[in-house]
Structure formats: structure tokens, C-alpha cells
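Here are my notes on the model, point by point. Please read them with the structure open.

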Amino acid sequence: MPVRRITKHGERVLKTACPSVDYGRIEGDLPALLKDMWATMNAARGVGLAAPQIGLSLRLAVVDVRPDGKSERFVLLNPEIVSREGVQREEEGCLSIPGIYAKLDRAARVRVRALGADGRPWERDAEGLLARAFQHEIDHLDGKLYVDRLPFEARLPVLDAIKDAKVRWS
Ligand code: NI
């Protein structure tokens, strides 16, 4: 079954920083794993998915924000943000915290470096939703959820909402 269960807020794997991936060790399993990640992301109507969201502590994520409705798929192996600029404040959500959204400041523009599905390095300047998605997914790989980045006074009501919603998620 290619669609995997998405881990939810409170599960340990989401709070754990993921170790870097040795491309040579994962290469053989990567096509099937990516297929599952895309299928899981699409079934949940997400714009990104990180490996810990399917229970794997690997520095790997996928992003497709479909600019203008057209698919542009990014595979991020061992990604890093090499520069960030400006601020954008938009509503953010997460497939691991379904049904809950909050406004959050992120860098307006970022430059991301990663390895792709073929093991080759790529770099990309991003802004708007794509920049936000890159930052959100890379946070997952560092064991962080967007709610962890909310200022204290904004975080408390969100944590209360999560507590109330948890029964529905399981
Ligand atoms: Ni997320």
C-alpha cells in the first residue's frame, strides 16, 4: 500500500532531529520510498511531506506547491538553507496537526541546497509559498513543528486546540 499513515503531533519521531542520509545506502530503496511519500502527500492534499511524517528518521522531504496548478516536484535529501531574507507572515498548517492553522513568520526568500532523487546536488532560490514549504519541511527534519515556532501567547491556544483535536486524529 503506497499511502502511509501520517504521524501526528506528540509522536516522538516528529520531535527527533533526523540524521543525514548516505545516498549510496538508500539509493536502491529510494524510488519506492519516494513513490510512497508522493502518494501519501497527494492523498492528504499536502504541499510537502517529510520522512518523519511517515515514521522514518531520515533527512529526506518532498515538496510540490503546484505554482499555477502545475506540478513542480522537489526531492530534498540532506537539505540546508544557505541564505534567508525578509519576512512573510501567512497562515500555516501541517499534515501532522490536521485541521489546525496559525499565522507564522517565515523568511520571505530562501536559497536551499540539497541532493535530488538522483543523488546530485541542486540549489534553488524560492519565495512565497515555495520558500515557506522548504522552511516547514526542513524544520521537520530538525525535529521541529510549526507550532514550536509560534510566540508563547499564540502557541497556548493552538496547543489547547491540538489537545481537543487529538481524539479525532487517531
Ligand atoms: Ni508539516
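Is H140 buried or exposed? H140 counts as buried, at 1% relative accessibility. Buried here means under 20% relative accessible area, exposed over 50%, and partly exposed in between, with a 1.4 Å probe and protein chains only.

1. Basis. This is a predicted model, so local features need pLDDT of at least 70 and side-chain atom pairs count only at pLDDT 80 or more, while totals for chains, interfaces and linings use all residues. Residues are numbered from 1 along each chain as its sequence is written, and side-chain values use heavy atoms, with hydrogens and water left out.

2. Nickel site. Three residues coordinate the nickel ion: C94 through SG, H136 through NE2 and H140 through NE2, at 2.0 to 2.3 Å. Donors are N, O and S atoms within 2.8 Å of the metal (3.2 Å for Na, K and Ca); water is not among the atoms, so sites may look incomplete. The donor spacing in sequence is C-x41-H-x3-H. C94 and H140 link distant parts of the chain, 46 residues apart. C94 sits in the loop between β4 (88-92) and β5 (102-106), H140 in helix α3 (residues 128-141). Helices (H or I, at least four residues) and strands (E, at least two) are DSSP runs, numbered from the N terminus. C94 is also buried, with a relative accessible area of 8%.

3. Sheet. Five strands form an open sheet in the order β1-β2-β3-β6-β7, paired antiparallel. Pairing requires at least two DSSP bridges between two strands. β1 (48-50) and β7 (121-127) are the edges; each has a single partner strand, so one side of each lacks a neighbour in the sheet. Neighbouring strands are turned by 35° against each other on average, direction ignored. β2 and β3 share four bridges. V63 stands opposite F74 in β3.

4. α2 lies across β1, β2 and β3, at about 50° to β2. α3 lies across β1, β2, β3, β6 (109-115) and β7, at about 125° to β7. Axes are lines fitted to C-alpha atoms, for helices over the stretch in contact; angles run from 0 to 180 degrees between N-to-C directions.

5. Core. The largest nonpolar core has 18 residues. Such a core is a set of buried Ala, Val, Leu, Ile, Met, Phe, Trp, Tyr and Cys residues joined through side-chain atoms within 4.5 Å. α2 (30-43) is among the elements giving two or more residues, and gives the most, six. L34 touches L60, V62, V75 and A117, leaving aside residues up to four places away in sequence. Contact means heavy atoms within 4.5 Å.
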